[in-house]
Amino acid sequence: MGFSMITEVGEQLVEVLRDALVPDVIAHTGSIGLCSPDDHGDYTLGIYLYDINPDDDVPSSGMVNTGLDTQSFPSTFLTLDYMITAYSSSDLKFRAGEEQKILGRVVQALGDKRILPFAVLGIGSSANAKIEMLKLEREEKMRMWTFPETPYKLSLFYRVHPVEITSTRVNSIVRVRDINMLVDEDRVLYETSLVVLPIDDFTGRPVTGSAVSIQLEGEKPAVVKDDGYRIFTNVKNRKPVLISMGGLYEPVRIETDLDARDPEEIMVLRLMPGRAYPLPDGMTSVVIGTGPKRYLQLWTPEGKTFKLSRDYKPEDGREMSLYNPDDESVEGKSFLIRSEKSEELLQVTSRQNKKVMMGVALSGTYSKTDTTLWPVSEVWADDNGDCTLPLQVPYDMEPGTEITVCYKDDDGKSGEFTVTVGKKNRIMLTD
């Protein structure tokens, strides 16, 4: 459905302006829509897409991992340029003032919005789209008015970018399991002990190159593949500590048990953006000051939740049926699962259709009718006691709204605090 993203952006602009202008400035929602200036019908406010271009601000990329065994061809990123025009039907002596009032409210509304979150743009989008007002000379505006039978009307010009058009071309791939090397005419078999795929938790895409360092404590370095996979071979310690460090991401420290893992299973490692990560303007985030190296689990009860599509019983083992209608990438994600009688933390290691595999089996029984799963962010404070967390809040929450964030640490201490939507919040946890 990536081809519909151009339409999705236009419709989202219409929704933003309807919410802002109706009924205080324009009486009816049906008076705002997508149209050409020479054929605006009964619209009081028309949004006209007049140009589409490649977005040069987004660097070109190679194949993109869309699953553990598939890759898609790279997306195309576009800039969409819009002309927004008011058409008042009032008496002549009131018309100019009313149109100016409408345009002023448009400037205010789009200045407050600034971002179309990828979550509202439908399946296929993985990037927030920025809304920017264009500063054009009058001559440029006149040249864009290509309607000789229609006199020029004062208009606003906006650009929305990047808009992602995903590719439909997909390749199946086979992962490296064993490595054979010829050393001094002797063939040496390097047995694969653990395969790790680091994922940027904000974009959902693999982290490639040297952007992050992933090590097993006390073991030799991994073989790093171009697509982001780290392959650890001939690991001696069967319960090594995995350490991840990178300038853009929060540090990670995980105790692993290789004997408890399926040797064919890939470990997906979700990396949380750190303080140096280039979060878009208007993104809700929180910088937490706490104790050095403190581990925290954080979730937002007012945010997105998941459900079970089938009851879970301990005899089901590591397999769970998760209701995921938006087909979100959940590999490597942690969830707080809660019912009336039980509560546990689980981590999804892989999925196939509606079924997911967990790192370990749950101890409780969970009914699909009274069980809720909240996505949990796991962060480790640095040596200074700081950690950063971007929050994916519901897209219809207005900037300035206060929401609750719950937390629990590895000592069992728990609590909650409030943050403001659309801001970079600073919170101190001293307990």
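Visitor: Leaving aside neighbours within four places in sequence, which residues is Val 160 in contact with?

Guide: Please note that this is a predicted model. With neighbours within four places in sequence left aside, Val 160 contacts Val 9, Leu 13, Leu 78, Thr 79, Leu 80, Tyr 82, Leu 116, Ala 129, Lys 130 and Ile 131.

Visitor: Which residues touch the most other members of the largest nonpolar core?

Guide: That core has 31 residues, and those touching the most other members are Leu 17, Leu 21, Leu 45, Ile 84, Leu 110 and Val 160.

Visitor: And which elements give two or more residues to this core?

Guide: They are the helices α1 (5–21) and α2 (92–113), together with the strands β2 (45–54), β5 (76–86), β7 (129–133) and β8 (155–165). The greatest contribution comes from α1, with eight residues.

Visitor: What does the second core include?

Guide: It is separate and has 21 residues, among them Ile 214, Tyr 249, Leu 271 and Tyr 277.

Visitor: Changing topic: what is the order of the open sheet of three strands?

Guide: The order is β26-β18-β29, and the pairing is mixed. On average, neighbouring strands in this sheet are turned by 20 degrees against each other, direction ignored.

Visitor: Why is one side of β26 and of β29 left without a neighbour in the sheet?

Guide: Both β26 (386–390) and β29 (424–428) stand at the edges and have a single partner strand each, so one side of each lacks a neighbour there.

Visitor: How many bridges join β18 and β26, and in which sense do they pair?

Guide: Strand β18 (residues 285–289) pairs with β26 over five bridges, in the antiparallel sense. Opposite Ile 288 stands Cys 387 in β26.

Technical notes
Residues are numbered from 1 along each chain as its sequence is written. This is a predicted model: local features need pLDDT of at least 70, side-chain atom pairs count only at pLDDT 80 or more; totals for chains, interfaces and linings use all residues. Side-chain values use heavy atoms; hydrogens and water are left out. A nonpolar core is a set of buried Ala, Val, Leu, Ile, Met, Phe, Trp, Tyr and Cys residues joined through side-chain atoms within 4.5 Å. Buried means under 20% relative accessible area, exposed over 50%, partly exposed in between (1.4 Å probe, protein chains only). Helices (H or I, at least four residues) and strands (E, at least two) are DSSP runs, numbered from the N terminus. Contact means heavy atoms within 4.5 Å. Two strands pair if DSSP finds at least two bridges between them. Axes are lines fitted to C-alpha atoms, for helices over the stretch in contact, and angles run from 0 to 180 degrees between N-to-C directions.
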